[in-house]
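Good morning, colleagues. Please look at the model first.

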Amino acid sequence: MNDEIIIKDPSELKGNGTVIYGDNRIALIESLNHETNNLPVRIDMVLGVLCLKGNATCYLNGNKLHIEAGDLFVHHPNVILMGNEHSDDLEIRGICLSREYVKHLATMPRNIWDIILHIENSPIVRLGKGGINTFMQYYNLLRAKLLSRPSITRNAIVDSLTQAIIYEIRDAFSAIVKIEPVKYTSSNMLFSKFLELLSANAPQEREVSFYAERLFVTPKYLSTVCKEVSGNTASAIISTYVMKEIERLLKFNKMSIKEITNTLNFSSISFFGKYVRKHLGMSPKHYRELLARNSE
């Protein structure tokens, strides 16, 4: 059985001693629990955390992650965090945004595949003193407004401050990843909607036809658009998401191969094995054994 905590709404964090504010749009986090948590937590929100002091280590989607003072950690929805070890002097400022709230703000660029891939592999960017000061100025204003009495303009101000923080984070990553000017073409809009669907439905849904049907296009057209925008076919992009989850489950979960097969909605163990061999060059059992040997 797969024991996994799933958090889809910032308000679900409310009541936790580490969270100073939480509603269905946004949550602010300023500390971490001292206990080490070995239970996987799937966070289906946009997450950004700035480390101001100390250091922390955890596993993100099965990969070890270490942050220190000056590091800004960012990730898109549907990530899995496990473990929590940090120094006693750790000081952080974190923001969680729901999927719906990010879509409401409409500030993310349409052609974001390169950014997503970069964040998947390198979710940490180092901020200089100026970047830290700017982030904290916006964060403190946002914190004060969220904790203040409701007013007619409160939501509009919160939206503007949150947008500003997103833009600052995007600027921080633009120094590393080449970001082309936003082009609001039909292809970019379709690709963006495809990524939203993929993030919400993979790895259980792996057929291009599933996504094409919900986007009211043909599988061939969807794949053509994906190739045009990102350089990858729809099938290849789907496989990237699916394999990350398969590798995580084989590496960190005690589920049997049969249980993983059922969890990921494969029709049979045989079909699951063929899928894994196609992408990893070996059976799920052998890959799990290889991971175990390498971790010794």
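Helix H3 (residues 129–146) and helix H4 (residues 154–174) pack with their axes 10 Å apart, at an angle of about 160°. Axes here are lines fitted to C-alpha atoms, for helices over the stretch in contact, and angles run from 0 to 180 degrees between N-to-C directions. H3 is therefore roughly antiparallel to H4; angles under 35 degrees count as roughly parallel, over 145 as roughly antiparallel, 65 to 115 as roughly perpendicular and the rest as oblique.

Before I continue, a word on the source: this is a predicted model, in which local features need pLDDT of at least 70 and side-chain atom pairs count only at pLDDT 80 or more, while totals for chains, interfaces and linings use all residues. Residues are numbered from 1 along each chain as its sequence is written, and side-chain values use heavy atoms, with hydrogens and water left out. Helices (H or I, at least four residues) and strands (E, at least two) are DSSP runs, numbered from the N terminus.

Returning to the helix pair, which residues in H3 and H4 meet? On the H3 side they include Phe-135, Tyr-138, Leu-142 and Lys-145, and on the H4 side Arg-154, Ile-157, Leu-161 and Glu-168 are among them. Contact means heavy atoms within 4.5 Å. By class, the residues of this contact are 12 nonpolar, two polar and three charged, where Ala, Val, Leu, Ile, Met, Phe, Trp, Tyr, Cys and Pro count as nonpolar, Asp, Glu, Lys and Arg as charged, and the others, Gly among them, as polar.

The next pair is helix H5 (residues 186–201) with helix H7 (residues 219–230), whose axes come within 9 Å and cross at roughly 105°. H5 and H7 are therefore roughly perpendicular to each other. Ser-187, Asn-188, Leu-190, Phe-191 and Phe-194 form the H5 side of the contact, meeting H7 residues that include Tyr-221, Leu-222, Val-225 and Val-229.

I turn now to the sheets. Six strands form an open sheet, ordered S2-S3-S10-S5-S8-S11, with antiparallel pairing; two strands pair if DSSP finds at least two bridges between them. Strand S2 (19–22) and strand S11 (124–126) are its edge strands, each pairing on one side only. On average, neighbouring strands of this sheet are turned by 15° against each other, direction ignored.

Within that sheet, strand S5 (residues 45–53) pairs with strand S10 (residues 91–98) in the antiparallel sense over eight bridges, and Leu-47 has Cys-96 in S10 as its bridge partner. S5 is also joined to S8 by four bridges, again antiparallel, with Leu-50 opposite Leu-72 in S8. Strand S8 (residues 71–75) in turn pairs with S11 over three antiparallel bridges, where Leu-72 has Val-125 as its partner.

A further open sheet has five strands in the order S1-S4-S9-S6-S7, with mixed pairing. Strand S1 (5–7) and strand S7 (63–68) are at the edges with a single partner strand each, so one side of each is left without a neighbour in the sheet. The twist from one strand to the next averages 30°. Four bridges join strand S6 (residues 55–60) to strand S9 (residues 79–86), and these two run antiparallel; Leu-60 is partnered there by Leu-81 in S9.

Finally, confidence. pLDDT is the predictor's confidence in each residue, from 0 to 100. The protein chain has a mean pLDDT of 84, with 86% of its residues at 70 or more. Where pLDDT is low, the predicted coordinates should not be read in detail.
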